[in-house]
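User: I would like to learn how to read the features of a protein model, taking them one at a time. Could you give me the general idea in each case and then show me the example here?

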Amino acid sequence: LRRRQRQMCIRDSDNTVYFANPGTYTVTLTNTNGKGSQTVNKTITVRPNSHLRTITDVKLGISTAHADIGCFYSTRLRKVYRKNDDLTKEGKEIDLVFFGLSRSFTYNKFVSPDSAASYTFPAIPGATVTRFINKQEQCNCGISFSVSDFDNMQNDAPLQALQLPSGTGGGLQFDQTVLPRIILFQTADGRKGAIKIKDYVLEGSTAYIMADIKVQKYE
């Protein structure tokens, strides 16, 4: 992934100020007209770029809830897609597909968008490939990423070192007995991320999971 320094921009109708480096800055704006002048000072704090995007409270439904809640998600657009959405243009943006077999949540997994048609969903136009580790405790992938690791992650450094396998071990299904559960993924454009399932909501045919996501920024 290409990295670029965080920049903060302040604009008014005539001026633009850029801060290329983290730090605390004082901006002084002086406005002058024929009757006099007025000066305003503003303190701005620019934080380092974490290269990490945090998304909270994402709802993804079981397969029968695809029309009402949606089972497809784009981490770049931060958008859930439902059964009747037109994916002609945005299908290529989808990188997470959640498949929950039933409202009992005894069989669940995240699957690659290019495999959606194998899990009762319509094929996704322009579908890409996402790798997953759905069940760390049984995949024999040599990776351990805990709930604490997820909660404490403030930048993308913990994700950079992850090497997600391309084999079948990452595609194991999981049930609702472990909560929270951490699922790891790597998108087709190389971004790595983690999903924390924090609740299974039992609402009949529209049952859904509630999740937080942390993923490397698209840069």
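Predicted model: local features only at pLDDT ≥ 70, side-chain atom pairs only at ≥ 80, totals over all residues.

User: What parts of the chain does the pair of Arg191 and Asp95 tie together?

Analyst: Side chains of opposite charge can pair when their charged atoms come close. Here Arg191 lies in the loop between strand 11 and strand 12, while Asp95 lies in the loop between strand 7 and strand 8, so the pair ties together parts that are 96 residues apart in sequence.

User: How many salt bridges does a search of the whole structure find, and where do Glu93 and Arg76 lie?

Analyst: The search finds 8 salt bridges, and one of them joins the side chains of Glu93 and Arg76, with an N to O distance of 2.7 Å. This pair links distant parts of the chain, since Glu93 is in the loop between strand 7 and strand 8 and Arg76 is in the loop between strand 6 and strand 7, 17 residues apart.

User: Which side chain meets Arg181 in a salt bridge?

Analyst: The side chain of Glu137 meets Arg181, with an N to O distance of 2.9 Å. Arg181 belongs to strand 11, and Glu137 is in the loop between strand 10 (131–133) and helix 1 (147–152), 44 residues apart, which again makes this a link between distant parts of the chain. Arg181 is buried, with a relative accessible area of 3%, and Glu137 is partly exposed at 48%. Salt bridges can also be read as a network, as with Asp57, Lys198 and Asp212, which are linked in this way.

User: How should I read the nonpolar core, and which residues touch the most other members?

Analyst: The largest nonpolar core has 27 residues, of which Phe110, Ile195 and Ile213 touch the most other members. Strand 5 (52–61), strand 8 (96–100), strand 11 (181–186), strand 12 (192–201) and strand 13 (208–216) each supply at least two residues of this core, and the largest share, 6 residues, comes from strand 13. There is also a second, separate core of 14 residues, with Leu52, Cys141, Ile143 and Leu184 among them.

User: With which residues is Ile213 in contact, leaving aside its neighbours within four places in sequence?

Analyst: On that reading, Ile213 is in contact with residues including Arg53, Val58, Tyr73, Leu96, Phe150, Phe185 and Ile195. Two of these names return in the strand pairing, where Tyr73 stands opposite Leu96 in strand 8.

User: How is a sheet described, and what is the order of the open sheet of 4 strands?

Analyst: The order here is 7-6-8-9, with antiparallel pairing; strand 7 (79–81) and strand 9 (108–111) are the edge strands, each of which pairs on one side only. The twist averages 25° from one strand to the next. Within this sheet, strand 6 (residues 72–74) and strand 8 run antiparallel and are joined by 2 bridges.

User: Which cysteines does the disulfide join?

Analyst: A disulfide is a covalent bond between the sulfur atoms of two cysteines. The structure holds 1 disulfide, joining Cys139 to Cys141 with an S to S distance of 2.2 Å, and both Cys139 and Cys141 are buried.

User: Which backbone details deserve a separate look?

Analyst: One is the cis peptide bond that joins Leu179 and Pro180, with omega about -5°; Pro180 is found in the loop between helix 2 (157–160) and strand 11. Another is a positive phi in a residue that is not a glycine: Phe105 has a value of about 55°, and Thr120 has one of about 70°.

Definitions and conventions: Residues numbered from 1 in each chain as written. Heavy atoms only, no water. Core = buried A, V, L, I, M, F, W, Y, C linked by side-chain atoms within 4.5 Å. Buried < 20%, exposed > 50% of the residue type's maximum accessible area, 1.4 Å probe, protein only. Contact = heavy atoms within 4.5 Å. Disulfide = S-S within 2.5 Å. Pairing = 2+ DSSP bridges. Axes fitted to C-alpha atoms, helices over the stretch in contact; angles between N-to-C directions. Salt bridge = Lys/Arg side-chain N within 4 Å of Asp/Glu carboxyl O.
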